Amino acid sequence: MHKMGTAVAALALAAAGLTGTATTAQAENVRAQEAGCSTAWPGRDGYVRAWKDVNCGGTLLGLTQGDDINWADGWGQFQGSDNDNASSVMNSGYLGGEDVVAFYRNAGQRYQDGFGCLAPGELYADWLGDNYYYGQGSSMNDSISSHAWVYSTGCPSGSWIT
């Protein structure tokens, strides 16, 4: 009986070890699916995040503290199928300086038509379908190709997303 209890304890520890190896992105994805953007909010940790589905649900496409000028390439935290696939985004960046995230319709653009800015105080845009690119007027849902951290002065009236 003692050997059986030891075996069960060993299996439980092994299982706990396996679940402990889940990546931060996987853990955030599960948490977001359960309760949406407000629950997915990690506090100010310096990251921008994007999810495939509304309300910070579905696949976490990527998270990074830097810029990514091309979500369709093989570099950076956003790659390949992440391009034109986001339905919700989050700005948990640090306050001050370039603390606004500008999301762009096309890769490689910065401060050109076809962008939307997410202020740090807004925290997240839980559905990009009700946000439109400044200078283009097209929906931001499933159409983001790049992002950059910018100063708020680079975001004119009409470019802010919610």
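In which sense do β1 and strand β2 (residues 57–64) pair, and over how many bridges?

Author: Happy to. First, this is a predicted model, where local features need pLDDT of at least 70, side-chain atom pairs count only at pLDDT 80 or more, and totals for chains, interfaces and linings use all residues. Residues are numbered from 1 along each chain as its sequence is written, and side-chain values use heavy atoms, with hydrogens and water left out.

Now to your strands: β1 and β2 pair in the antiparallel sense, over five bridges. Strands here are DSSP runs of E, at least two residues long, numbered from the N terminus, and two of them pair if DSSP finds at least two bridges between them. Across this pairing, aspartate 53 sits opposite glycine 57 in β2. The hairpin has three residues between its strands, and asparagine 55 takes a positive phi near 55° there.

β1 (residues 47–53) has another partner, too: five bridges join it to strand β3 (residues 88–92), and those two run antiparallel. Here tyrosine 47 faces serine 92 in β3.

The structure holds one salt bridge, meaning a side-chain nitrogen of Lys or Arg within 4 Å of a carboxyl oxygen of Asp or Glu. Arginine 49 and aspartate 45 make it, at 2.6 Å from N to O. Arginine 49 is buried at 1% relative accessible area; buried means under 20%, exposed over 50% and partly exposed in between, using a 1.4 Å probe and protein chains only. Aspartate 45 is buried as well, at 18%.

Further along, look at the rings. A search of the whole structure finds three aromatic pairs. Rings of Phe, Tyr and Trp (its six-membered ring) pair if their centres lie within 6.5 Å; planes under 30 degrees apart count as stacked, over 60 as edge-to-face and the rest as tilted. One of the pairs is tyrosine 104 with phenylalanine 115, tilted, with 6.0 Å centre to centre and 45° between the planes. Tyrosine 104 lies in strand β4 (residues 100–104) and phenylalanine 115 in strand β5 (residues 115–118), so this pair ties together parts eleven residues apart in sequence. Both tyrosine 104 and phenylalanine 115 are buried.

Phenylalanine 115 also pairs with tyrosine 134: the centres are 5.4 Å apart and the planes at 55°, so that pair is tilted. Tyrosine 134 is in the loop between β6 (124–125) and β7 (146–150), 19 residues from phenylalanine 115, and at 29% relative accessibility tyrosine 134 is partly exposed.

Conventions:
Helix = DSSP H or I, 4+ residues; strand = E, 2+ residues; numbered from the N terminus.
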